[in-house]
Amino acid sequence: MNINPKIKQNLQLKKKALSLLSKAIAKIVIKFRLPRNEFLALFDEKLVLEAQRLDPDATHVALAIRTGIDRRYISKHLKGEMPRAKPDKLSVILEDIRWTAHKYYQSTKIPKLGPFKTFQSICEQRAPGSLTYQAILEELITNGSLKDLGVKVEIVNLNQIVDETEVAFSNLTAKQIDRTVGTLTYNFSEKNIKDRYIQKTIYSTQIHPKNFPQLHLDFQNLINGYYKEVTQKLIEYEDDVEADTYPQYGISFLEYKTKE
């Protein structure tokens, strides 16, 4: 089948954009060990809610077409009634280990091998046929949840993924991405150029990487000065009201380096 070259080019550009977006999301999911299944479930829900926000009068059939989600599920997504994703296997296994260690051994340790009340038996029950207990052990050791003591395993971090610093940084990352996307989508819809939000990027491909550390320090000094000026300008426009009275309005500074 022949395809118009212009259409083919557009499809290739869309695929490239989707690939880049997927890569960015994958980095966040892996870096902060966010549950993939829950992300996908929430993604479908947010797709439907965003499509409805943009067109409150759209029918369920129209929302299904725009989001690619089966129309039978549109109503449930709008009501928040879709079943949530099951907890990931590592979280379930770790909770079983914690419970078993406390109930049967009055300890933070349990036997590693054996058919009953052991690390091996818990893994084989919770992840039958999909992951070996050895692979699960290595992953839980890597993320700092367990310690291998030879004949036993010990729980090091009862909360596994619940690290306050990590959670705070993952939330900060999500907010930064949301702000960036908000600016991009607003500017795309705003036809009047002078009314668009500030969206500028300056970069060079002619700087040797050995100079990046010094340039980073120079940028820090520059931004510190701009930061004070911008903060003072925001204060000049503030009303005498409580914080969080109005929506956030501000500017983000973002230093970056591509790896490609």
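The model is a predicted one. Helix H2 spans residues 36-54, and its buried residues line one face. Lys112 is buried in a loop, and four aromatic pairs are counted.

**Helix H2**

- Helix H2 comprises 19 residues, and at 1.5 Å a residue these should span 27 Å; the C-alpha atoms at its ends are 27 Å apart, in agreement with that expectation.
- Glu45, Val48 and Ala51 are the buried residues of H2. Viewed down the helix axis, the buried residues fall within an arc of 130°, so they line one face of H2.
- An α-helix has 3.6 residues a turn, so residues three or four places apart point the same way.
- On the face of H2 turned away from the buried side are the exposed residues Arg36, Arg53 and Leu54.
- The cover over the buried residues of H2 includes helix H3 (60-67) and helix H4 (71-79).

**Glu45**

- Glu45 belongs to helix H2. Its relative accessibility is 9%, and because the cut-off for burial is under 20%, Glu45 counts as buried.
- Leaving aside residues up to four places away in sequence, Glu45 touches His77, Gly80 and Arg84.
- Between Glu45 and Pro35, which are ten residues apart in sequence, the C-alpha to C-alpha distance is 16 Å.

**Lys112**

- Lys112 is located in the loop between strand S1 (109-111) and helix H6 (119-126). With a relative accessibility of 12%, Lys112 counts as buried.
- The side chain of Lys112 makes a polar contact of 3.1 Å with the side chain of Asp148. A polar atom of the Lys112 side chain also lies 2.9 Å from the backbone oxygen of Gly150.
- Apart from residues up to four places away in sequence, the residues that Lys112 touches include Leu137, Val151, Lys152 and Val153.

**Aromatic pairs**

- The count of aromatic pairs comes to four. In one of them, the ring centres of Phe39 and Phe43 are 6.1 Å apart and the planes are at 20°, so the pair is stacked.
- Phe39 and Phe43 both lie in helix H2, four residues apart, which is about one turn of the helix. Phe39 is partly exposed at 32% relative accessibility, and Phe43 is likewise partly exposed, with a relative accessible area of 41%.
- The rings of Tyr186 and Tyr197 also form a stacked pair, because their centres are 4.2 Å apart and their planes are at 20°. This pair links distant parts of the chain, eleven residues apart: Tyr186 is in helix H8 (residues 164-189), and Tyr197 is in the loop between H8 and helix H9 (212-237).
- Tyr186 counts as partly exposed at 30% relative accessibility, and Tyr197 counts as partly exposed at 38%.
- Together with Tyr249, Tyr186 and Tyr197 form one aromatic cluster.

**Charges over rings**

- Lys103 lies over the face of Tyr104, at a distance of 5.8 Å from the ring centre.
- The charged end of Lys191 is positioned over the ring of Phe188, 5.8 Å from the centre of that ring.

Terms used
Residues are numbered from 1 along each chain as its sequence is written. This is a predicted model: local features need pLDDT of at least 70, side-chain atom pairs count only at pLDDT 80 or more; totals for chains, interfaces and linings use all residues. Side-chain values use heavy atoms; hydrogens and water are left out. Helices (H or I, at least four residues) and strands (E, at least two) are DSSP runs, numbered from the N terminus. The expected span of a helix is 1.5 Å times one less than its number of residues. Buried means under 20% relative accessible area, exposed over 50%, partly exposed in between (1.4 Å probe, protein chains only). The arc is that of the directions from the helix axis to the C-beta atoms. Contact means heavy atoms within 4.5 Å. A polar contact is a pair of N or O atoms within 3.5 Å; within protein, one must be able to donate a hydrogen and the other to accept it, and residues adjacent in sequence count only if both atoms are side-chain atoms. Rings of Phe, Tyr and Trp (its six-membered ring) pair if their centres lie within 6.5 Å; planes under 30 degrees apart count as stacked, over 60 as edge-to-face and the rest as tilted. A charge sits over a ring if NZ of Lys or CZ of Arg is within 6 Å of the ring centre and within 35 degrees of the ring normal.
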